[in-house]
Amino acid sequence: MINQDKLNTDQERILSIDFFRGFTMFMLVSGYGQLFNPASSNPVVSLLGRQMDHANWQGLTAWDLIQPFFMFIVGVAMPFSFSRKWAKHESWNKSLRGVLQRSLLLLFLGWLLSSETKSSFTNVLAQLSVTYLIAFLVMRKAIKWQVLVSVVLIVLTDVIYRAWPVQGFNQPFTADHNFGSWFDVFLTGGLSEDRWVAFNAIPTTAHTIWGVIAGMILMKDYTPQKKVWVLLTIGIAGIIAGYILGIYIPVIKRICTSSFIILSGGYAFVGLAVSYLLIDVLDFKKGAAFFAIVGMNPLFIYLFWHSGGRLVLMNLTKPVTNRLFGWISPDAITTATILVVSGMMWYICYFLYKRKIFIKI
């Protein structure tokens, strides 16, 4: 059983932060998207199938929000983490050295995990190595200056894409013919198979900066209800602005257009507001514990999943699910396998939590 009191005392962070991170990570690695066939004749299953996969190019699905949410929630935790260090009189220079070391290690791990692809710097860890460093460099500035930096990065990216003169890569919103594609060819010698681009780290830095701002809001001496309304107001404004901007600038996650950054950022604020409302205001902590335990070891679960752990668990599970559910249908085997593997992943995180093992950089 989950000891809720222990869960609260073990972690100095607000529980909703761990819940939001855990929910994001669990969806990222669970493979639940395979449960729903977008080509199904059932309209509900078809709708869920489309939402549980990335948009092919233009548009936004629920699955497209996973990475922005993770970038955002890293930022949310930063004010809490560094305020504790600075309260213990750690110097800014020492903190900077730690951030640089962590960023370099994240970059190395991201590069290592993508060793079998041409897109060496497009995964979450490689992108985070950039966004985390930039967000740290501005986090002691006033919120208005942090917002300004995030806007500058977004606008700068948009201008570069539109003004890039190299023939063949001067079509800002066309797959494989934009500045981001040219940058990948320059950086790695080839294009990403899935059309993600490494330069996304620059505009998506806004997600981490906005996460820092959200964390600062949670740390303010506001009533819990006011914190919820502030986060919700920012989030709803971002969603409206993102959809309006999308009329003029396509919403494309794979190259992180400005409309996508603002729209997904708005959803991130709303997601945090709802998590904080349910868990830290309305006190629904028991249900939150399931995902919070995953959220306490995000680096472990990401590395384990992407370094072969997923295949190991799948190979252990499939012989059993084949025997038990093979007589029903292939879909039944897939569903059972995903559910069992997800449960195994959660139990591994629970095992680490019970022994106070938290993998960090």
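Student: Why does R21 count as buried?

Tutor: The relative accessible area of R21 is 7%. Buried means under 20%, exposed over 50% and partly exposed in between, with a 1.4 Å probe and protein chains only as cover, so R21 counts as buried at 7%. This is a predicted model, in which local features need pLDDT of at least 70 and side-chain atom pairs count only at pLDDT 80 or more, while totals for chains, interfaces and linings use all residues. Residues are numbered from 1 along each chain as its sequence is written, and side-chain values use heavy atoms, with hydrogens and water left out.

Student: What makes the pair D18 and R21 a salt bridge?

Tutor: The closest N and O atoms of D18 and R21 are 2.8 Å apart. A salt bridge needs a side-chain nitrogen of Lys or Arg within 4 Å of a carboxyl oxygen of Asp or Glu, so the pair qualifies at 2.8 Å. D18 is also buried, since its relative accessible area is 0%.

Student: Where do D18 and R21 lie?

Tutor: Both are in helix α2, residues 15-30, three residues apart, which is about one turn of the helix. Helices here are DSSP runs of H or I with at least four residues, numbered from the N terminus. An α-helix has 3.6 residues a turn, so residues three or four places apart point the same way.

Student: How many salt bridges does the structure hold?

Tutor: The structure holds two. Besides the D18 pair, R162 forms a salt bridge with D158, again with the closest N and O atoms 2.8 Å apart. R162 and D158 are four residues apart in helix α7, so about one helical turn separates them.

Student: What makes up the largest nonpolar core?

Tutor: The largest core has 78 residues, and those with the most contacts inside it are F72, W210, L218 and L272. A nonpolar core is a set of buried Ala, Val, Leu, Ile, Met, Phe, Trp, Tyr and Cys residues joined through side-chain atoms within 4.5 Å. Leaving aside neighbours within four places in sequence, L272 is in contact (heavy atoms within 4.5 Å) with F20, F72, I73, V76, A214, L218 and L231. Apart from that core lies another, of eight residues, among them Y161, F179, V197 and F199.

Student: What makes helix α12 mostly covered?

Tutor: In α12, residues 285-295, eight of the 11 residues are buried. They are K285, A288, A289, F291, A292, I293, V294 and G295.

Student: Which residues make the nonpolar surface patch of about 570 Å²?

Tutor: I236, I240, I244, I247 and Y248 make that patch. Patches are made of residues with over 30% relative accessible area and no salt bridge, like charges being joined within 9 Å and nonpolar side chains (Val, Leu, Ile, Met, Phe, Trp, Tyr) within 5 Å. The areas come from the Shrake-Rupley method with a 1.4 Å probe. I244 lies in helix α10, residues 224-245, and is called partly exposed because its relative accessibility is 48%.

Student: Why is F121 called partly exposed?

Tutor: F121 has a relative accessible area of 22%, and therefore counts as partly exposed. F121 sits in the loop between α5 (92-113) and α6 (124-138). Not counting residues up to four places away in sequence, F121 touches L107, W111, A126, Q127, L187, T188 and A198.

Student: Why is Q167 called exposed?

Tutor: The relative accessibility of Q167 is 68%, so Q167 counts as exposed. Q167 is found in the loop between α7 (143-163) and α8 (179-188).

Definitions and conventions
Helix = DSSP H or I, 4+ residues; strand = E, 2+ residues; numbered from the N terminus.
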